[in-house]
Amino acid sequence: MTADLLIHDAYIYVDRGWEIPSGWIAIAGGRIQSVGDSGSAAPPARRRISGNGKLVTPGLINCHHHMYQNLTRSYAPVTNGSLFEWLTGLYPLWAGLDEEAVFASTYVAMAELLLGGCTTSMDHMYVHPKPFLIDAQFRAANEIGFRFYATRGSMTRSVEDGGLPPASVVQDEDVILEDSVRLVEKFHDASAGAMNRVALAPCSLFSVTERIMSESARLADRYDLRLHTHLAEDPEEDTYCREVYGCTPVEYFERVGWASARSWVAHFIYPKHEEIKRLAHAGVCTAQCPCSNMLIGGGSADLMGLRALGMPVGLGCDGSASTDSASLWLEARTALLLGRYKNGPHSMSARDALDAATRGGAACLGWEDEIGHLRPGACADLVIWQMSDVSLAGALTDPVEALLRCGPATAGTTIVNGVPLVENGQPDLPGLNDVLKEHLKQARRIQRLHP
């Protein structure tokens, strides 16, 4: 059978435990058709791409992000703030979001993710000063051809109710629930190889009411959806939950029906050991955001420690307000460095970090059958990595370790659903230049900068 695309003469990381030092990978119909080594015959193909001895991996999976925040990237007044300080400083600016701003920020975020080797990303859109913002995100994703897992975030508690955001970005409970159903029925595609999916994602335990948490869990059961929220991110969350709910954040999470295999949480820095074990046993997954955590200086989840207790861990680049970069390669490298810094050089390898960025992310999204690996039948989402000859000089024995120990690395070719969206290190997105101009206009407006 003739393939649509054949990548040959590459070092192929197919999956954990399966690597082909000199091999080929054939793509047909948006799927991995077959893989083989240099000693086996590759199928004929309509197009051939030489790997030139480079490393090929599954596309990386981003399982926690806030794409709209690149409109306030490196915003000077809050760059040295704590989590709550930069939130209170930026919420009034984010109140200016509209469909045009969200389309531009989503498009730019996805272009940036593609350059960092990411082929599937969720987004946690929880600020809704105007309607139909997630619709604008799907418009951007579909125009690009990016595999997108939107999450319908929400907030109900404004400063008037003891929360952090202004009233202009929070919503009524019924509005949130009705729009959640609308988005699921309009965009969620549960079929194999889907490009558009939707999950439900109240922002955090201290930003929404108990009804929103409980009703979201019920909707997830009704529509067979996944659930996402921030959990155990900051010590102040413990104080809040004890004062308001009389329990720890994890105990409250369990009480509202979220401790199930539907759920993945972001950060998960401050749980107790027994709480980790309980959630791991229930099937909950975690998204670690190493760069964001380190920039805020608020601690970070122990990736390998969580995995040792049975909890799958993926990686997220988080929002640009805290990270200012959306490179999953950088997150994987930082996860490796942070893990070894905390627990010693024997505790974590580059393959562990790559596994978190691929298989771990797929577990968070409940999608391990089709993404996060390059086994035959998987979605054809993959990356041919590039690095300068200077950076790789002397790295002769282990290209997987070299990917994260050397660098910087970027995507030379990024393929999503069998279609190259980055080639020769450049995004093949015809609308990008126009979108960047619009993004600049929107960023200046939202940051209240004069023309």
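Author: The largest cavity holds about 210 Å³ of space. A cavity here is a set of points on a 1 Å grid over the protein atoms alone, where a 1.4 Å probe fits but cannot get out. Grid points are joined across faces, edges and corners, and the volume is the space filled by probe spheres set on them. The model is predicted: local features need pLDDT of at least 70, side-chain atom pairs need 80 or more, and totals for chains, interfaces and linings use all residues. Numbering starts from 1 along each chain as its sequence is written, and side-chain values use heavy atoms, without hydrogens or water.

The lining of this cavity has 22 residues (an atom within 4 Å of a point). Leu83, Leu87, Tyr126, His230 and Glu233 lie nearest the centre of the cavity. Two helices, α1 (83-94) and α9 (290-296), each supply at least two lining residues. Helices are DSSP runs of H or I with at least four residues, strands are E runs of at least two, and both are numbered from the N terminus. α1 gives the largest share of the lining, 4 residues. By class, the cavity lining has 11 nonpolar, 9 polar and 2 charged residues. Nonpolar means Ala, Val, Leu, Ile, Met, Phe, Trp, Tyr, Cys and Pro; charged means Asp, Glu, Lys and Arg; the others, Gly among them, are polar.

The structure holds 4 cavities of 30 Å³ or more.

Open space comes next. The largest pocket contains about 290 Å³. A pocket is an open set of points with protein on both sides within 12 Å along at least five of seven lines. Its lining counts 14 residues, and those nearest the centre of the pocket are Gly53, Lys54, Leu55, Leu392 and Pro399. Strand β14 (382-386) and helices α13 (389-392) and α14 (399-405) each give two or more residues to that lining. α14 gives the most, with 3. The pocket lining divides into 9 nonpolar, 2 polar and 3 charged residues.

α4 (residues 173-187) packs on α5 (residues 210-223) at about 20°, with the axes 11 Å apart. Axes are lines fitted to C-alpha atoms over the stretch in contact, and angles run from 0 to 180 degrees between N-to-C directions. The two helices are therefore roughly parallel, the word for angles under 35 degrees.

Conventions
Parallel < 35°, antiparallel > 145°, perpendicular 65-115°, else oblique.
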